[in-house]
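Let's walk through a protein together, one question at a time. Have a look at it first, then we'll dig in.

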Amino acid sequence: MTVCNSCRYCEGLCAVFPAMEMRRAFSDGDLNYFANLCHACGACYTDCQFSPPHEYNVNVPQNLAAARVESWAAYAWPRAFSGLFARNGLAISIIAALSVAAFIFGFAAFNDRQVLLGIHTGPGAFYALMPHNAMAALFGAAFLYAIVALVMGVRAFWRDIGEPVGMLADPGSLWQAIKDASQLRYLDGGGVGCFNEDERPTDHRKIYHHLTFYGFGLCFAATCVATLYHFLLAREAPYPWWDLPVVLGTLGGIGLLVGPAGLLAEKFKRDPALVDEKRTGMDVAFIVMLFLTGFTGIVLLLLRETAAMGPLLALHLGFVFALFVTMPYGKFVHCLYRFVALVRYARERRMMAHTV
Ligand code: SF4
Ligand code: SF4
């Protein structure tokens, strides 16, 4: 960063370099802020005259990738779980396997064979296998825990970068950050595209990331609408194919199939110089979890009126539950930390504009 701050060649590529140029010295909090502001487009490695084989060995994307994961571990709540970031691929795989196994054995233990492998149709069909209240309590608790753990982590990050917690609610900066995050403004190498496997930039990673992000968002919206249907309108799932929760869930599920599959393909093509190889397991585990959540959801939708519905529901709920409980301890956190870094960057820009 000190070399970059003298050089400043990359200042038009993304938000990291302008943020860096506002400082003369860098605290640990500042470095964590830069690391989470970086979108890993790779442009500053390709453009750098001091990158390997130059003796300065400047490799901003790789160093910020490593610093990012270290920051997530440092801010994890409770601290006892920060070790889950160390061998994250293994940890997520074990938790997912246990979760899926628990749902399968639970379904088998609490339902007799005719119910488990029976054909259930119409409103309330899913609840023949697991009562709605039990499902809502289990997933509500897991979701609440994830929210608390994520908020505590973000709070620690925001304090570490030197901002009072109230400033996170600055409307102008929030709106700018929402626009930047929703467009992935800084995953474009300064306008030419993302560098992945070679020196030819493309928009592939951006497109697959959008499909994944908006696919996840649509699936979440489908769950929220279904919850409102259940509690406000007394309408029980499963719903017909044309109804809002199914339409949202289907579109989201397709996004979660295509987006993660594309991201995984891009990851395996990525130039090793750009990645922190120790963390590949974390990235792959998160992408695969999203894919399996979308895949089991779509298969369940297609086969929900057959005898396969019971085992498929157990499988889908197992992956969704594992996704919820591991959200604060895996790659999912990058959404929040990057967004918060964008809020901070927007605030700095606005303050600087006012000063000028
Ligand atoms: S990455 Fe290289 S070219 Fe870019 S600012 Fe840093 S030293 Fe300069
Ligand atoms: S990899 Fe891209 S986003 Fe990250 S610092 Fe370099 S140019 Fe900026």
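Predicted model: local features only at pLDDT ≥ 70, side-chain atom pairs only at ≥ 80, totals over all residues.

Q: In which loop is Pro53 found?
A: Helices here are DSSP runs of H or I with at least four residues, strands are runs of E with at least two, and both are numbered from the N terminus. Pro53 is joined to Pro52 by a cis peptide bond, with omega about 15°. Its place in the chain is the loop between helix H4 (43-47) and H5.

Q: How many helices and how many strands does the protein have?
A: Read along the sequence, the pattern is α-α-α-α-α-α-α-α-α-α-α-α-α-α. The secondary structure comes to 14 helices and 0 strands.

Q: What is the radius of gyration of the protein?
A: It is taken over C-alpha atoms, and the globule rule is 2.2 Å times the number of residues to the power 0.38. The C-alpha atoms fill a box of roughly 70 × 40 × 40 Å along the principal axes. For 356 residues, a compact globule would have a value near 21 Å, which agrees with what the protein has: 22 Å.

Q: How far apart are the mean positions of the positive and negative charges?
A: Lys and Arg count as positive and Asp and Glu as negative, while His and the chain ends are not counted. Each charge is placed at NZ of Lys, CZ of Arg, CG of Asp or CD of Glu. With 27 positive and 26 negative charges, the mean positions are apart by 4 Å.

Q: Is Asn196 buried or exposed?
A: Asn196 has its place in the loop between helix H9 (171-183) and helix H10 (204-233). Among the residues it touches, beyond those up to four places away in sequence, are Arg205, Glu266 and Leu274. Its relative accessibility is 3%, so Asn196 counts as buried.

Q: Which residue's side chain makes a polar contact with the side chain of Asn196?
A: A polar contact is a pair of N or O atoms within 3.5 Å; within protein, one must be able to donate a hydrogen and the other to accept it, and residues adjacent in sequence count only if both atoms are side-chain atoms. For Asn196 the distance is 2.9 Å, and the partner is Arg270.

Q: Where is Leu184 found?
A: Most residues other than glycine have a negative phi, and most peptide bonds are trans. Leu184 has a positive phi, near 50°. With a relative accessible area of 6%, it is buried. Leu184 is found in the loop between H9 and H10.

Q: What is the relative accessibility of Asn57?
A: Asn57 also has a positive phi, near 55°. Asn57 lies in the loop between H4 and H5. It counts as partly exposed because its relative accessibility is 47%.

Q: How far apart are the C-alpha atoms of Glu236 and Phe126?
A: Glu236 sits in the loop between H10 and H11. Residues touched by Glu236 include Pro123, Gly124 and Tyr127. Along the chain, Glu236 and Phe126 are 110 residues apart, yet their C-alpha atoms are separated by 9.1 Å.

Q: How far apart are the C-alpha atoms of Met1 and Ala307?
A: Met1 is in the segment before helix H1 (2-7). Met1 and Ala307 are 306 residues apart along the chain, and their C-alpha atoms are separated by 59 Å.

Key:
Residues numbered from 1 in each chain as written. Chains lettered and ligands numbered in written order. Heavy atoms only, no water. Buried < 20%, exposed > 50% of the residue type's maximum accessible area, 1.4 Å probe, protein only. Contact = heavy atoms within 4.5 Å.
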